[in-house]
Number of protein chains: 2
Amino acid sequence: MVKNTGRPGYLQIADDLRAQINGGSLAPGTPLPSTAQLADRYDASLSVVKMAVGILRNEGLVVGQQGKGVFVRDAEERPAGDEPADLIELRAAVRDLSVRLAKVEEQLATSTSHRPGRSSR
Amino acid sequence: MVKNTGRPGYLQIADDLRAQINGGSLAPGTPLPSTAQLADRYDASLSVVKMAVGILRNEGLVVGQQGKGVFVRDAEERPAGDEPADLIELRAAVRDLSVRLAKVEEQLATSTSHRPGRSSR
DNA sequence: CAAGCCAACTAGGTTAACTATGTTGGTGAA
DNA sequence: TTCACCAACATAGTTAACCTAGTTGGCTTG
């Protein structure tokens, strides 16, 4: 894979994954193959795969969940195609901060009355 | 630079540069400081600076010319353009969230010095 | 003087290694 | 059975090191 057409590998991989998502080959809610699997499939290093996934993440097409995987977002909740990248970034930041804040707040709330950590398995 | 607010450094740098561009501090046609200079200014590695510039390049705010530099594009020829009131609101929200999160995180760090679970790492 | 070379810059791409952190499943002890 | 621990795997971020390739300016040489 990653033909030698001048177009950098991380863009080729991002293009391919984007096409699979838009083409329905990778349905919303399903996880992408892991970084290592993608690196193996495209015969690329982990770094370029991470860069490719980072692009899709930046575009809002996928969301990464640490420890679990990278999941394709529903078409409705992902940003419109012509939306400024600015907005995408900001929305991502808000989403990220909200999630983290909720986590920390919950931890704070439970740690005062209960034992923290490992709440759900 | 690159405060420890949880937001990754390459996004902080990208945010800062984007603000400078949108704020007119970096006028269209003018080159950004070189990668090395930015790395020095933000006290970050070359890699994170390259990632930050890569984001702006991806957004179309700047264009890189190999061997010369990275130049701010004219406002007309770059995507997006007019900022809806949405954007201002989002920016304020992000700032607010960042401050609140930093506070809570600090409180967590200082109040739980003996947190049980995962002791050995 | 002019041509060519070369050193010193620049952006860009790639790789490997390390750290941090979250998730999951298995194992073994109480 | 239930709980604590742990190993394996996941994303995410960062750093350092190489390599390619374009640009520029100075210096040497014809």
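Reader: What makes B:Asp43 count as buried or exposed?

Author: In this predicted model, B:Asp43 has a relative accessible area of 62%, and since buried means under 20% relative accessible area, exposed over 50% and partly exposed in between (1.4 Å probe, protein chains only), B:Asp43 is therefore exposed. Residues are numbered from 1 along each chain as its sequence is written, and chains are lettered from A, with ligands numbered from 1, in the order in which they are written. Local features need pLDDT of at least 70, side-chain atom pairs count only at pLDDT 80 or more, totals for chains, interfaces and linings use all residues, and side-chain values use heavy atoms, with hydrogens and water left out.

Reader: Where is B:Asp43 found, and what is its phi?

Author: B:Asp43 lies in the loop between α2 (35–41) and α3 of chain B, where helices (H or I, at least four residues) and strands (E, at least two) are DSSP runs numbered from the N terminus. Its phi is positive, about 55°, although B:Asp43 is not a glycine. Most residues other than glycine have a negative phi.

Reader: How do you know whether A:Asp43 is buried or exposed?

Author: The relative accessibility of A:Asp43 is 63%, so by the cut-off of over 50% this residue counts as exposed. A:Asp43 sits in the loop between α2 and α3 of chain A, and has a positive phi of about 55° without being a glycine.

Reader: Why are α1(A) and α3(A) called oblique to each other?

Author: Helix α1 (residues 9–22) and helix α3 (residues 46–59) of chain A pack at an angle of about 50°, with their axes 8 Å apart; the axes are lines fitted to C-alpha atoms, for helices over the stretch in contact, and angles run from 0 to 180 degrees between N-to-C directions. Angles under 35 degrees count as roughly parallel, over 145 as roughly antiparallel, 65 to 115 as roughly perpendicular and the rest as oblique, and α1(A) and α3(A) are therefore oblique. The crossing of α1(A) past α3(A) is right-handed.

Reader: Which residues of α1(A) and α3(A) meet, and how do they divide by class?

Author: With contact meaning heavy atoms within 4.5 Å, A:Tyr10, A:Leu11, A:Ile13, A:Ala14, A:Leu17, A:Arg18 and A:Ile21 in α1(A) meet A:Val48, A:Val49, A:Met51, A:Ala52, A:Ile55, A:Leu56 and A:Glu59 in α3(A). These divide into 12 nonpolar, no polar and 2 charged residues, where Ala, Val, Leu, Ile, Met, Phe, Trp, Tyr, Cys and Pro count as nonpolar, Asp, Glu, Lys and Arg as charged, and the others, Gly among them, as polar.

Reader: How do you know what span α1(A) should have?

Author: The expected span is 1.5 Å times one less than the number of residues, so the 14 residues of α1(A) should span 20 Å, and its end C-alpha atoms, 20 Å apart, agree with that. The buried residues of α1(A), including A:Gln12 and A:Gln20, pack against α2 (35–41), α3, β1 (62–65) and β2 (69–72) of chain A. After α1(A) comes A:Gly24, whose phi is positive, near 90°.

Terms used
A crossing is left-handed if the near helix is turned anticlockwise from the far one by less than a right angle, and right-handed if clockwise.
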